[in-house]
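The structure is shown first, and the points on the contact follow.

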Amino acid sequence: MNDMTLTEKPVNASDIKITARNVQVYYGTTHAIKDVDVDIPDRTVTAFIGPSGCGKSTFLRCLNRMNDTISICRVTGNIALDGQDIYDKRVDPVQLRAKVGMVFQKPNPFPKSIYDNVAYGPKIHGMTRSRAELDEVVEGCLRRAALWNEVKDRLHAPGTGLSGGQQQRLCIARAIATSPEVLLMDEPCSALDPIATAQVEELIDELRSQFSVVIVTHSMQQAARVSQRTAFFHLGNLVEYGETGHIFTNPSDPRTESYITGRIG
Amino acid sequence: MTLSSTNPPKSLFAVDARTRKRNAAEARFRLYGLIAVGIGVLALIVLLTSVLGNGLGAFRQTFLQLPIALDAAKLDPSGNRDGEAMKKVTTIGYGKVIQTALIAEISQRGIATEGVSAKDIFGLVSKEAPAQLRDQVLANPGLIGQTITFKGLANGRVDGFFKGRVSMESAALDSNISPAQLVLAQQMRDAGMISVSFNPAFIFGSDASELRPESAGLGVAILGSAYMMLIVLALALPIGVAASIYLEEFAPQNKWTDLIEVNISNLAAVPSIVFGILGLAVFINFMGLPQSAPIVGGLVLTLMTLPTIIISTRASLKSVPPSIRDAALGIGASKLQSIFHHVLPLAMPGILTGTIIGLAQALGETAPLLLIGMVAFVREYPGAPPDGFFEPASALPVQVYNFTQRADPAFVERASGAIIVLLVFLVVMNTIAIILRRRFERRW
């Protein structure tokens, strides 16, 4: 794979943003995530790959406690953001989610205007004091999401009227509008065509300069293209975790090798 | 079974037996559907023609028009136009004035009155007419001494004669009217003294007794129904929506919530008269609220409407895609914010539709109202809210029931007329529901 060479980027592994230790997730009686230990570095794109149902999305949703909304889901173990346990009783998931933003598989803009979509986060968190400040934040986020030039003349048109790729970039703009520290992306390109995918991938690479990005993807090429570190999940276990180039060229586990060569998955 | 490959190749133009059978089944099903729709439409047409045919007449009424000299000596013996003193002259006194004026006008126009006594001539006038004249004079004492053109109600039988309900044959058997009186009435109509015209009193007037169907109106019933709808809307919508949001979004999934859910569905199917008994026991006997009052009716109908609103609200909350909730939660909205900012606006069309359907159901409900005394004969209009909520009133469907209970055939027309008014209200409410749904509907 020629793509591999693109990912040979420096990784500063000393800055660990999220540490997960001994994480178990149960859906009712099903043990969905088993003994996962992982360190997610800051200002890096970390990719979770693995076959369908391996638990990569479930683990991603643990990182901002979105699993709290599923009543039968139970999480044990320790996940810390900057050394603070996010499952501590004192943590309000609402505050946590402002710090750990999320972009979903299917573009899900609110059925409101483009402006209101981006402005919603800053508004509910009281991050801006004036309308002008809010305008600035909205413009900034849309620019960083590489959407500004396409929508600047129709900010008050409904967000749902955009194309699929534009909608997903709008969702990314919405997610970064609350100035999160970590951005979780759950298969952000699976509903997009190759051109839109390329745009979003480019965007992810740029976001790396400010955030720690964690991306779940089905596409190994995508993981290879955008990520610096890759974790391979299989049947609820974290099989292998390391530098992307290393995982793809020289996997140490036979299951990883089978998956990336297309024999399982 | 033989494999298809062993069969000779078939032409695409020849339809085989199996396909023919399937096509026949489809054609049959379409026919059944058409028949079903046809029966439904036919039933609706029959219903509407019968109601409209019977009821439209109620909106038109026969009136007598004649000049009356309001003689001060008879109507205001004290002579100082004092309202209290003038009230001493009863409707009998006014009746005599009308009788005199009527006979004078008939003879002046040269209409023959052989075989019709003075009492019979006065019998063409409604028993309500003297009261109408008295009200007119009491409201404006300055009229005394003048000659006014009085437009009074004609007797119900005369009205029936001009609407085709009463014939010469039926009059011969009727102790209330004679063929000679009808002949006279026809002559008076030819002379322009009697006319049939639109009767606003049917919509705005109050109910009248057995003896004067011509003056019975729906005003009190419409007002009572409107008050009850206000109470139902003010109570059932917030309670229902709050209950649904809690059950749908916040309540834990356990035995208790399951039990509540099942019981709400069951409540929607409880016969309405049961709610009437409940209202009688709780609101009137226990809480001591007044009988026949819109407040009690409104509370009972609120109980009845709640399950409808809760069920439709929960269904529309459920139909909001979970991705919207995820989106809101994912950027750090609290649960309440995600519901009030995003889920509720999207569920609004469904909630409003359910509410209006519930209200329409409540508007047409009769049985529980009978039990809480709204079947009473009420002539006085209830006052303005909130005091009016506690004063006796009637309700539209109960008024229909009341009219049908009365002996005089003129009330058949009144009952159908009341049904038309009720249907108009329902159509208006459904139209509002459709308009609101269109307005709140959003694409995603």
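Four salt bridges are counted between domain 1 of chain B and domain 2 of chain B. The model is a predicted one. In chain B, domain 1 spans residues 57-199 and domain 2 spans residues 219-443.

**Charged and polar pairs**
- One salt bridge joins B:K163 to B:E413, with 3.2 Å between the closest N and O atoms.
- Between domain 1 of chain B and domain 2 of chain B there are also four residue pairs in polar contact, with both residues at pLDDT 80 or more.

**The domain 1 side**
- Helix α7 of chain B, residues 156-163, contributes three residues to the side of domain 1 that touches domain 2, the most of any contributor.
- By class, the residues on this side of domain 1 of chain B are five charged, three polar and two nonpolar.

**Extent of the contact**
- In chain B, 10 residues of domain 1 are in contact with nine residues of domain 2.
- The C-alpha centres of domain 1 and domain 2 of chain B are 45 Å apart.
- Interface size is often expressed as the accessible area that is lost when the parts come together.
- For domain 1 and domain 2 of chain B, the buried area is about 670 Å², and 48% of it is on carbon and sulfur atoms.

Terms used. Residues numbered from 1 in each chain as written. Chains lettered and ligands numbered in written order. Predicted model: local features only at pLDDT ≥ 70, side-chain atom pairs only at ≥ 80, totals over all residues. Heavy atoms only, no water. Domains from an automatic or database assignment. Contact = heavy atoms within 4.5 Å. Buried area = accessible area lost by both parts, 1.4 Å probe. Salt bridge = Lys/Arg side-chain N within 4 Å of Asp/Glu carboxyl O. Polar contact = N/O pair within 3.5 Å; in protein donor to acceptor, adjacent residues only side chain to side chain. Helix = DSSP H or I, 4+ residues; strand = E, 2+ residues; numbered from the N terminus. Nonpolar A, V, L, I, M, F, W, Y, C, P; charged D, E, K, R; others polar.
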